[in-house]
Amino acid sequence: MFNEDTIAAIATPSGYGGISIIRISGSEAFEVCDRVFKMKKGSIFDVPKNTINYGHIVNKDTNEIIDEVLVSKMCEPHSFTAEDVIEINCHGGMSVTKDVLTLVLKNGARLAEAGEFTKRAFLNGRIDLVQAEAISDIITAKTSNFAKSAMSSLKGDLSSKIDEIKSDITNMLARLEVTIQYPEYDEEDLTNNEIVELINSMKYKLNKIISTFEKGEILKDGIKVAIIGKPNVGKSQLLNALINENKAIVTEEAGTTRDIVDEVVNIKGVPVKFIDTAGIRNADSKVEKIGIDKSIEMLEESNIILFCIDASRALDTEDMDIIKMLPDNKEVLVVLNKMDLNTNVDTVKAFDNYKTVEISALKKEGIEKIENKIYELAGLSEDDDVGNTLVSNIRHKNLLIGARDDFDNAIKMINEGLEVDLVEIDINAALYKLGGITGETTSEDIIDEIFKNFCLGK
């Protein structure tokens, strides 16, 4: 648990801006504020809750005015942490913000640890662990689509679905307990078939949640797309066209790209990391060989591969060697480039059995087709409702799968004719794992680890 002392931290990013916020939370938040905040009339104790109040931050030892501020007052339990909270809105400069925080700490507050405000909200029952983790996701969201998904979890949508399954388990366990402990009662016994039916019903709900992970992970972490091909097929020009800037060097000399060049682009709300690789060929240069080795590594590390082909020329042994390297477990999109030139019919026809797109990187024609194909290959659709509940947290996924495994084991034991009280053990294990998601059965060490990764001031 946490110490019931009063904590403070800067809640806004460091740097220059219009406003900075210093947040204070705890049983002595108002006392600390009163020691540094001077109003024209009265004190912070005299003003109503949920109000914003004008005044100055003053070092009362020297009577020096540190800044002109607005102070928000929120009373427990109706605050983010469910404690008394003060937020000092001061001018957004690094020096003045630090001076105000230093004065607050000098007058009775302790510097908050990373994520400690959110941790207190969780420990005080203001939010559950899923909602706490959603706050971190909102802060770090790379796109608005993932922010919407995280907001759904913050509202409690994912927690509600998990709580529904936990309630189903609890009800079933209660009926099983009566069956086992009090056979003389009039309560109708659960048959093995009924138990299996109930478990399968809960498994169905679990599977629906688990099935959202792949999409949730893509929205959270994005897609890694490697652009590969032999030298001089237009890979760097393709990267420049995709990111709409001249980041990669483009020349007629083969082997210009010798290191990995990458850039992240937002495509329909999904962060896509494009990686331009060195042209794969038999090279004499030691430096170029290193770049080629990295290109081959990218074949395995990427989610999607853009195999760039010069469609104006016949395929050669270098093209054929790359085709042999293409992994079977990756989505491959063949990009037939230089379609603005005379097309080699045999080259185009050679990829009839592949997913292809025809473009001209030089003229930036067909780039939108590539973006649409990447979106499609990632398993996404224009009809996807990103506001729906999506699992994107690997901790949640592992616990959900663990609970499903417990259900499977319970069904297996029933089918093997084992005693119902043994089946109860696995069902209770599933309940425990689901409680670990929302925080009821999560160990203190895991809770500490989760909040350690939050930013300061949150």
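**Working through the model**

Author: Of the 458 residues of the protein chain, 47% count as buried (buried is under 20% relative accessible area, exposed over 50%, partly exposed in between, with a 1.4 Å probe and protein chains only). This is a predicted model, in which local features need pLDDT of at least 70, side-chain atom pairs count only at pLDDT 80 or more, and totals for chains, interfaces and linings use all residues. Residues are numbered from 1 along each chain as its sequence is written, and side-chain values use heavy atoms, with hydrogens and water left out.

Reader: What is the mean pLDDT of the chain?

Author: It is 87, and 89% of the residues reach 70 or more. pLDDT is the predictor's confidence in each residue, from 0 to 100. Over residues 248-259 the pLDDT is below 50. That stretch still has 32 contacts in the model beyond near neighbours in sequence (contact means heavy atoms within 4.5 Å). Where pLDDT is low, the predicted coordinates should not be read in detail.

Reader: How many helices and strands?

Author: The chain has 16 helices and 13 strands. These are DSSP runs numbered from the N terminus: helices are H or I with at least four residues, strands are E with at least two. Among contacts with a separation of 6 or more, 66% join residues 24 or more positions apart.

Reader: Which residues have the most contacts inside the largest nonpolar core?

Author: Ile 223, Leu 238, Phe 274, Leu 306 and Ile 370, in a core of 33 residues. A nonpolar core is a set of buried Ala, Val, Leu, Ile, Met, Phe, Trp, Tyr and Cys residues joined through side-chain atoms within 4.5 Å. Elements that each supply at least two of its residues include helix H8 (213-221), strand E8 (223-228), strand E10 (270-276) and helix H13 (367-377). A second, separate core of 30 residues includes Ile 195, Val 196, Ile 414 and Ala 430.

Reader: What does Ile 370 touch?

Author: Leaving out residues up to four places away in sequence, Ile 370 touches Leu 238, Leu 242, Leu 306, Leu 333, Val 335, Val 357 and Ile 359.

Reader: Back to H8. Which of its residues are buried?

Author: Phe 213, Gly 216, Ile 218 and Leu 219 are buried in H8. Their cover includes helix H5 (144-154), helix H7 (192-210), E8, E10 and helix H14 (394-415). Just after H8, Gly 222 takes a positive phi of about 90 degrees.

Reader: Switching topic. Is Ile 57 buried or exposed?

Author: Ile 57 is buried, because its relative accessible area is 0%. The residue lies in strand E4 (residues 51-59). Beyond four places in sequence, its contacts include Val 36, Phe 37, Ile 88, Val 100 and Leu 103.
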